Amino acid sequence: MQTSSPAVLRSLMEQYGIYPKKRWGQNFLVDNNILQRISELSGAHTGLYTVEIGPGMGALTQLLAQQSRGVLAIDIDETLQAPLEEVLAPYTNVRLVFADILKVDVEQELARQFQLDHIPEYIVCANIPYNITTPIIFYLLEKCPHMQGATLMMQKEVAQRIIAGPGSKDYGLLTLMTSYYADTRWLLTVSRNCFYPRPEVDSAVLQFTPLPQPRVQVKDEEVFKAFLRTAFQQRRKTILNSCASFFDISKDEAQAKLEQLGIKPNQRPEELSLEEMASLVDRFLD
Ligand code: SAH
């Protein structure tokens, strides 16, 4: 069923008494060309499983089902069950789960739904709910070690933060954390006109390819992440002040360590690369 046609989508929603819910970021894609390109670029193929977050009314799910070995589609909104079952009836390789993605063990669920005794090779492909974009990205990169790649549609501004370079205003925690775990590629820019209802923002599709090892080796990953979080919460502080207060040492001592690393004490966190941040934190843990 062409739920990518606005007219078909609206009549199906009417038939099932469904209205788009803002709190769950329900903006359905209604542009067939964009849907086709996302599913093609996702890398889905019949040897591979696909996990979709937030299938909505199933527009993307149908295309993924045609291309994948199996699709696990997880949506929080149970009222979508009946229309989704109708739309997806022709596809026997789709499993629907109604739950909050952040509370599901995706890999276990994938094995369970397809009755496998191991976690299969899989990718993620989704037009995700924009209000929880960052938690979803962190969840996938930190908690889904078998994931081969993720193709995600998100608000354009968030995508810009992810691919930003040091020194730009968009560069920050999200940039560094995604680069720690994955290579990232900008696939598409998508106008707000491609959605129903039309959101206030434009979108972009990024593709994440997890690295076999994090991009930098650090002595203590938890301390490293905690330092990044603190430093970027206080973007206006110099790196000297952030280091002295986070590691609880005198400014003189902090300055000496920074100088050994070739980092100027008055630099701001957004001027430092991932590699510099890693060697900085390791140095302060000595
Ligand atoms: N993929 C569809 C719908 C995208 S809208 C399309 O492109 O047309 C985002 C979808 O994410 C909605 O269906 C919404 O119900 C779902 N969603 C929102 N929060 C969620 C959560 N925490 N876990 C799983 N799904 C969620």
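**Shell by class.** I sorted the residues around the ligand in this predicted model and got 11 nonpolar, 6 polar and 4 charged ones. That shell holds 21 residues, and those that come nearest are Gln-26, Gly-54, Asp-75, Asp-100 and Asn-127.

**Strands in the shell.** Next I asked which strands each supply at least two residues of the shell. I found strand S1, residues 28-29, and strand S3, residues 70-75.

I then went through the N and O atoms, starting with the side chains. Asp-75 places a polar side-chain atom 2.6 Å from an oxygen atom of the ligand. For Gln-26, I noted 2.9 Å between a side-chain N or O atom and a ligand oxygen. Ile-76 takes part through its backbone: one N or O atom there lies 3.2 Å from a nitrogen atom of the ligand. How much of the ligand's accessible area does the protein cover? I read off 98% of the 580 Å² that the ligand has on its own.

**Pocket.** I also checked where the ligand sits, and it is in the largest pocket.

**A look at Tyr-49.** My last stop was strand S2, residues 49-53, where Tyr-49 is found. Is Tyr-49 buried or exposed? Its relative accessibility is 6%, and buried means under 20%, so I put Tyr-49 down as buried.

Methods:
Residues numbered from 1 in each chain as written. Predicted model: local features only at pLDDT ≥ 70, side-chain atom pairs only at ≥ 80, totals over all residues. Heavy atoms only, no water. Near = heavy atom within 4 Å. Polar contact = N/O pair within 3.5 Å; in protein donor to acceptor, adjacent residues only side chain to side chain. Areas by Shrake-Rupley, 256 points an atom, 1.4 Å probe, with all protein chains shown as cover. 1 Å grid on protein atoms, 1.4 Å probe; cavity = no way out; pocket = protein on both sides within 12 Å on 5 of 7 lines; lining within 4 Å. Sits in = over half its atoms within 2 Å of the grid points. Helix = DSSP H or I, 4+ residues; strand = E, 2+ residues; numbered from the N terminus. Nonpolar A, V, L, I, M, F, W, Y, C, P; charged D, E, K, R; others polar. Buried < 20%, exposed > 50% of the residue type's maximum accessible area, 1.4 Å probe, protein only.
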